[in-house]
Each structure stands twice: as C-alpha cells, then as structure tokens.
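Subject: Handover of a structure

Dear colleague,

Please find below the structure that I am passing on to you. My notes on it follow directly after.

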Amino acid sequence: MRGSGWVLPAAALLVSVLPLGAQAESSSAEHGPSVVSFDWGAVDTLEALGLESHIIGVPYQAAPDYISHLLEGRADVGGLKSPDLDAIAELSPEMILITGRQSASQEDLQAVAETRDVTLGEGDYFDALSDKVMGLAALYGAEAQAQERLETLHADIESARASLAEGTEAVVVTHNDGHYSLRQEPVVRELLQIPQPALPDSVEPVSHGSRTFYPLKPAAIAEMSPDVLFVVDRSAAIGDTPLDPATLKEALGSAGGEAIRVEVLSPTLWYLSGDGLKSVRAQMDEITQALLTP
C-alpha cells in the first residue's frame with residue numbers, strides 16, 4: 001500500500017487571495033455574482049458548493065458528460081475558443097470566468113463584465129486547487145463549505161492512494177489524430193503518486209511557444225514498458241475521429257509491449273475539464289477503478 005504523510009494545505013483553511021481572491025462582501029451564499037463560466041472545473045466546484053444557481057451561461061458545445069445536466073436553464077455562450085460576445089452581453093453577467101483557452105478574447109470579454117482567469121497556479125497541485133476552490137467560495141461567503149469539501153477530498157485521495165499496489169507504473173498520453181504525446185497529469189502523478197517509467201533517450205522534446213511536448217511513438221511506449229497506458233483522447237473530445245484502441249494495442253504488441261494494458265479515459269472529462277471539486281474526484285475514481293479492476 002502507498003504511504004501517506006500529507007498535511008492539509010494551509011491554503012485550504014484560509015480565504016484565498018490568489019487568482020480569484022477578493023473576498024465577497026456578502027456573508028451569505030444567497031448573494032454573490034451571476035457568472036458565465038468557460039471553465040468546467042469552476043462550474044463543477046460551484047455545483048459542489050450548492051452555488052450553481054449563480055451560473056447563467058456556459059459553452060454548450062464543450063460540455064463534458066458529467067456536467068451536461070447543468071445546460072438546462074442556462075444560456076449557450078459559444079465555444080471554448082470562440083465566445084459568443086452578443087449572447088454574453090445579453091445575459092448581463094456580473095462576472096466571467098475564463099482560462100487560457102479564452103486568452104484571445106479576454107479584452108472583449110472584459111468589456112462586457114469583470115473577467116477572472118481561474119487557471120490553476122504553479123506549484124503543488126492540491127495547494128493550487130485549494131486556492132481556486134476557496135477563491136470561488138469567497139465570492140459567495142461559502143468558505144466553510146469549501147473547507148469541508150476540500151478536507152473530505154483530501155481524505156479520499158489518501159484512501160485511494162493507499163488502496164493501490166506498490167510498484168505499479170503508468171504512462172499517460174494525449175492522442176491526437178493518430179499521434180501520441182506524454183501528458184503530465186497531476187491527479188495521477190501528484191495526488192495518487194503513481195510512478196512513471198523513465199523516458200527513452202530517443203524521445204526528444206518539441207517546443208511550441210512556451211510549451212514543451214514529448215511525442216511518443218508506440219515503440220517508445222513499449223520501451224518504457226508501463227503496467228498501464230492511460231490515454232486522453234483529444235480527438236474524441238473535440239469531435240474528430242476517436243482513437244481505435246485495437247490499433248494502438250497492435251502497434252504496442254509489434255514493438256514488444258503486448259503486456260501493456262491500455263485504458264482510454266473519458267475524453268471530455270480529462271481534456272475539456274478538470275481542476276474542480278467534482279472533476280478531480282471523478283478523475284481520481286476513474287484511475288483507481290481501472291487499476292483495481294483485474
């Protein structure tokens with residue numbers, strides 16, 4: 001069993017003053033801004049805190065399955081990378097929540113309403129998640145509920161981590177149109193602490209702007225020889241041709257990786273969402289269930 005040793009971050013016990021951090025003037029969750037959110041992690045966090053009534057607009061096209069029930073009664077505000085400014089202006093929201101996907105439209109959105117970037121900060125993942133959750137809660141005077149939720153999530157993470165067998169190694173990749181690249185998933189690496197085999201020397205990084213990618217061919221994955229290969233299917237998430245797992249398994253087998261188990265994760269949950277109270281729990285549950293199922 002995996003060890004523990006965590007202490008709940010102090011950030012989870014305080015009202016956040018980071019990206020979303022101005023404290024709400026109201027002392028009741030009945031008060032606070034109406035929001036349009038392009039971040040599904042923020043949406044599922046608000047729902048987990050019982051604050052979903054404040055959400056008035058979301059991007060229908062990009063709705064992950066686990067949160068699609070919240071489309072009912074809420075306006076469609078365009079795509080993740082193409083916000084519908086007219087639809088948003090018509091709603092007259094008091095706040096718009098965005099991430100880097102909306103960076104090209106940020107100035108236009110700011111002209112409509114106060115706009116907050118809720119992208120997670122750098123550093124320890126659970127600390128950053130706690131800051132985000134507490135910052136959202138502070139807008140509605142719901143810090144106590146948020147603290148309780150974070151403490152419960154923290155305890156459940158430790159239980160899940162302890163349930164996993166020692167020595168299991170995993171690789172997470174993103175699939176895009178028949179190509180694969182290494183994906184650093186903090187739920188897998190930091191929260192569940194599942195080790196990753198070393199990259200072969202033949203794998204060379206590729207830089208695009210400020211981002212660095214590690215393309216992986218099936219032969220390189222076979223050389224790494226993980227117990228499990230988790231696949232986040234970007235193609236499926238955005239409506240393109242999804243991965244054919246049989247083709248991937250055949251390619252791995254041809255390279256000597258026939259023993260590698262392939263698990264395709266829920267595409268929209270992992271590619272379009274995350275970093276929320278509900279999405280992180282759903283991701284953690286999906287990983288642990290896959291590893292605990294023979």
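Does Glu185 count as buried or exposed, and why? The model is a predicted one, and in it Glu185 has a relative accessibility of 7%. Residues count as buried under 20% relative accessible area, so Glu185 is buried. Its place in the chain is the loop between strand E7 (179-182) and helix H6 (186-191). Leaving aside neighbours within four places in sequence, Glu185 is in contact with Val172 and Trp270.

As general background, nonpolar side chains in soluble globular proteins tend to be buried together.

For the protein as a whole, the secondary structure comes to 11 helices and 11 strands. Of its 294 residues, 49% are buried. Among contacts with a separation of 6 or more, 65% are between residues 24 or more positions apart.

I turn next to the sheet. Five strands form an open sheet with parallel pairing, in the order E3-E2-E1-E4-E5. Strand E3 (75-76) and strand E5 (114-117) each have a single partner strand, so they stand at the edges and one side of each is left without a neighbour in the sheet. Within the sheet, strand E1 (residues 35-37) pairs with strand E4 (residues 95-98) in the parallel sense over three bridges, and Val36 stands opposite Ile96 in E4. Helix H1 (residues 40-48) packs on this sheet and touches E1, E4 and strand E2 (55-58). The direction of H1 makes about 155° with that of E2.

Finally, there are two findings on aromatic rings. A search of the whole structure finds zero aromatic pairs. The ring of Tyr271, however, has the charged end of Arg101 sitting over it, 5.2 Å from the ring centre.

With kind regards

Conventions:
Residues are numbered from 1 along each chain as its sequence is written. This is a predicted model: local features need pLDDT of at least 70, side-chain atom pairs count only at pLDDT 80 or more; totals for chains, interfaces and linings use all residues. Side-chain values use heavy atoms; hydrogens and water are left out. Rings of Phe, Tyr and Trp (its six-membered ring) pair if their centres lie within 6.5 Å; planes under 30 degrees apart count as stacked, over 60 as edge-to-face and the rest as tilted. A charge sits over a ring if NZ of Lys or CZ of Arg is within 6 Å of the ring centre and within 35 degrees of the ring normal. Two strands pair if DSSP finds at least two bridges between them. Helices (H or I, at least four residues) and strands (E, at least two) are DSSP runs, numbered from the N terminus. Contact means heavy atoms within 4.5 Å. Axes are lines fitted to C-alpha atoms, for helices over the stretch in contact, and angles run from 0 to 180 degrees between N-to-C directions. Buried means under 20% relative accessible area, exposed over 50%, partly exposed in between (1.4 Å probe, protein chains only).
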